[in-house]
Amino acid sequence: MVNLAEGRSKSAFTLANLFFFSLCLFVLTLYSPISQINNVSIILIGAVWLMSGGLKNIKQLGSNKTALALIAYYAFSALTVLYSHNKANGAKWMEYHSPLIYLPLFLGASIITLAEKRKLLLLFAWVTSAAALLAFLFGVVRTLQTSDSECLYNDGLGTLFDKQAVYFAMYGNFAIAIFLYFLHNKWLTKDLFRKMAVSSIVLLSVLNYFLASRSAMLVLALLYAGTIFILIYRQKQILTGLILLLGIFIGGFLFSQLFPKAALRLANITETTYDYKSLNGGDHYNAEIKGGEWNSMNTRLAVWHCASEVAREHWLTGVGAGDVEDKLQEKYKEKQFVFALRYNLNAHNQYLDVLISSGVGGIILFVFAFFLLPFYRAWVRKDYLLWFFMASLALYMITEVMLNRNQGVAFIAFFLTLLSMKTEEKLVPTP
């Protein structure tokens, strides 16, 4: 048996190095427009893990309780498929959510050095910056070809990587947090890399604006507010903090004036009234906003009301992971919510989705695995990056069912497990 904590050498062909390379491949393929390619990287991680005697290292899971909790949540939810009527949808649920068991197992039952952990984080941040630049270039080219500026906004900007705006923005915000964390700890020792990191932060902040995801905008605002607080009150760098604050306000104002379409996403936030029977189309940031139409705000409010009723009706055990979609459809029909039926809308709230599928036991285990354990770990270790990841996740899940797509579940399972891993190695600078 090869211990993945040992045997690392300059040779690229050791199992330990191959395991790390497979993790790097996973990070790179998060941006693959074909989700199966990312799944192949998970298979490679598992294959190397098995070749290295991973099954004999299962006891290592005890040092990463978050990984254990994620696996327990998946197992508990998978059991609800047994009393689901729609077994086909239940099987799909188990397949889509499978990264919640594979990635915590492979990572949690391995030992990754602190240097490798930081390299993986930095790799993700650099790759995300490159993806943002490519997305903008691709958007400009498509805009010139089609004369449609929609290619530069919201979901249109993520077309190259087949990323929905909220997921692309989530990736971008996490990359910004990584760069800020590394700069704060002075882990980027070369001046060139520090300048590249600052440039990437600016680029990714601009990406956030054009993606126009309100939840992601809120997360980024809170991230910058926390950074400014630390600079001014903790580090007494008052001038630096004020310059950053001024730059954010000036930049935000200029972009809202030069590119008002993205700002229109905020305009309908006060349009909260709705009529279930309305046949009007949905408002869009690329068109004139009219009253009485469905928009992302009132649609969610209507969906949440329906989902809450389903959750209350099945609060104890839930309806089973396979029947969530069917039960929501039944409620939409009952309310004559034609718009939701037309687009087969999900609960648009991860907490409601879990409560509907697995009841009060499922939501308790979900909150424990995804938030309470990581929060405790972050608090004990004073790990601001883990705290940001967990807190931002809590906000994203208010408006989205993040675990129902590979671009959400694989990303969350990997980085939540990685950030929660215990490492004892002394910190060393990373270029």
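This is a predicted model: local features need pLDDT of at least 70, side-chain atom pairs count only at pLDDT 80 or more; totals for chains, interfaces and linings use all residues.
Local features need pLDDT of at least 70 and side-chain atom pairs count only at pLDDT 80 or more, while totals for chains, interfaces and linings use all residues. Residues are numbered from 1 along each chain as its sequence is written, and side-chain values use heavy atoms, with hydrogens and water left out.

Start with the charged pairs. The structure holds nine salt bridges. In a salt bridge, a side-chain nitrogen of Lys or Arg lies within 4 Å of a carboxyl oxygen of Asp or Glu. One of them joins Asp191 to Lys195, with the closest N and O atoms 3.1 Å apart. Both residues belong to helix α9 (residues 191-211). They are four residues apart, so about one helical turn separates them. Helices here are DSSP runs (H or I, at least four residues), numbered from the N terminus. Asp191 is partly exposed, at 39% relative accessibility. Lys195 is exposed, at 52%. The cut-offs are under 20% relative accessible area for buried, over 50% for exposed, and in between for partly exposed (1.4 Å probe, protein chains only).

Now move to Lys331. This residue is buried, with a relative accessible area of 5%. Lys331 forms a salt bridge with Glu313, and their closest N and O atoms are 2.9 Å apart. Lys331 lies in helix α14 (residues 324-335) and Glu313 in helix α13 (residues 296-313), so the pair ties together parts 18 residues apart in sequence. Glu313 is partly exposed, at 48% relative accessibility.

Lys331 also bridges to Glu334, with the closest N and O atoms 3.4 Å apart. The two sit three residues apart in helix α14, so about one helical turn lies between them. Glu334 is exposed, with a relative accessible area of 53%. Shared partners join Glu309, Glu313, Lys331, Glu334 and Lys335 into one salt-bridge network.

Next comes a helix pair. Helix α10 (residues 214-234) packs with helix α17 (residues 384-399) at about 150 degrees, their axes 9 Å apart. Axes are lines fitted to C-alpha atoms over the stretch in contact, and angles run from 0 to 180 degrees between N-to-C directions. α10 and α17 are therefore roughly antiparallel, a term for angles over 145 degrees.

Which residues of α10 and α17 meet? Ser215, Ala216, Val219, Leu222, Leu223 and Arg234 in α10 meet Tyr384, Phe388, Ser392, Leu395, Tyr396 and Thr399 in α17. Contact means heavy atoms within 4.5 Å.

Key: Angles under 35 degrees count as roughly parallel, over 145 as roughly antiparallel, 65 to 115 as roughly perpendicular and the rest as oblique.
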